[in-house]
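Subject: The structure we talked about

Hi there,

Here is the structure I promised to pass on. Have a look at it first, and then read on for what I found.

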Amino acid sequence: LLDGTLEGYFPLAEQFSTQAEPAYCGLSTLVMCLNALALDPRRVWKGPWRWFDESHLDCCVPLHVIRDRGLSMPEFACLAR
């Protein structure tokens with residue numbers, strides 16, 4: 001802390017998210033990062049809140065496929081774009 005090297009830790013720690021499914025580790029990681037960066041998902045999560053959620057990340061690979069086998073790195077990169 002005194003060296004100023006943990007500045008990125010706190011926004012990330014505030015967005016800690018446990019994965020909803022065993023194979024959703026990639027989705028949960030991406031959700032945490034996107035929310036820590038304060039990016040707007042351009043849709044409502046619950047109520048008035050606009051946060052990324054694992055259920056929002058179904059553009060490159062269907063969620064049922066991810067639930068069965070997880071994500072490859074190219075698929076993770078596709079979702080991050």
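How many aromatic pairs does the structure hold? This is a predicted model, so please read everything below with that in mind. The answer is one aromatic pair. Its partners are Y9 and F10, and the pair is edge-to-face because the ring planes stand at 80°, over the 60 degrees needed for that label, with the centres 5.2 Å apart. Y9 is partly exposed, at 47% relative accessible area, and F10 is also partly exposed, at 41%.

**The chain as a whole**

The protein chain has four helices and zero strands, which gives the pattern α-α-α-α along the sequence. Its C-alpha atoms fill a box of roughly 45 × 30 × 20 Å along the principal axes. Of the 81 residues, 27% count as buried. Taking the contacts in the chain with a separation of 6 or more, 36% of them join residues 24 or more positions apart.

Leaving aside residues up to four places away in sequence, N35 touches Q15, W51 and F52.

Which residues line the largest pocket? They are L34, L39, P41, R43, F52, H56, L57, C59, L79, A80 and R81. By class, that lining has eight nonpolar, one polar and two charged residues, and the pocket holds about 220 Å³ of space.

The second largest pocket holds about 160 Å³. Its lining is made up of Q15, S17, V31, N35, W45, W51, F52, D53 and E54, which divide into four nonpolar, three polar and two charged residues. N35 turns up here again, along with Q15, W51 and F52, the residues it touches. F52 is listed for the largest pocket and for the second largest pocket.

**Two backbone angles to look at**

Most residues other than glycine have a negative phi. Where does the model depart from that? Buried or exposed? A38 counts as exposed, at 66% relative accessibility, and R42 counts as exposed too, at 73%.

That is my tour of the structure. Happy browsing, and write back with any questions!

Best wishes

How values were computed
Residues numbered from 1 in each chain as written. Predicted model: local features only at pLDDT ≥ 70, side-chain atom pairs only at ≥ 80, totals over all residues. Heavy atoms only, no water. Phe/Tyr/Trp six-rings, centres within 6.5 Å; stacked < 30°, edge-to-face > 60°. Buried < 20%, exposed > 50% of the residue type's maximum accessible area, 1.4 Å probe, protein only. 1 Å grid on protein atoms, 1.4 Å probe; cavity = no way out; pocket = protein on both sides within 12 Å on 5 of 7 lines; lining within 4 Å. Points joined across faces, edges and corners; volume = space filled by probe spheres on them. Nonpolar A, V, L, I, M, F, W, Y, C, P; charged D, E, K, R; others polar. Contact = heavy atoms within 4.5 Å. Helix = DSSP H or I, 4+ residues; strand = E, 2+ residues; numbered from the N terminus.
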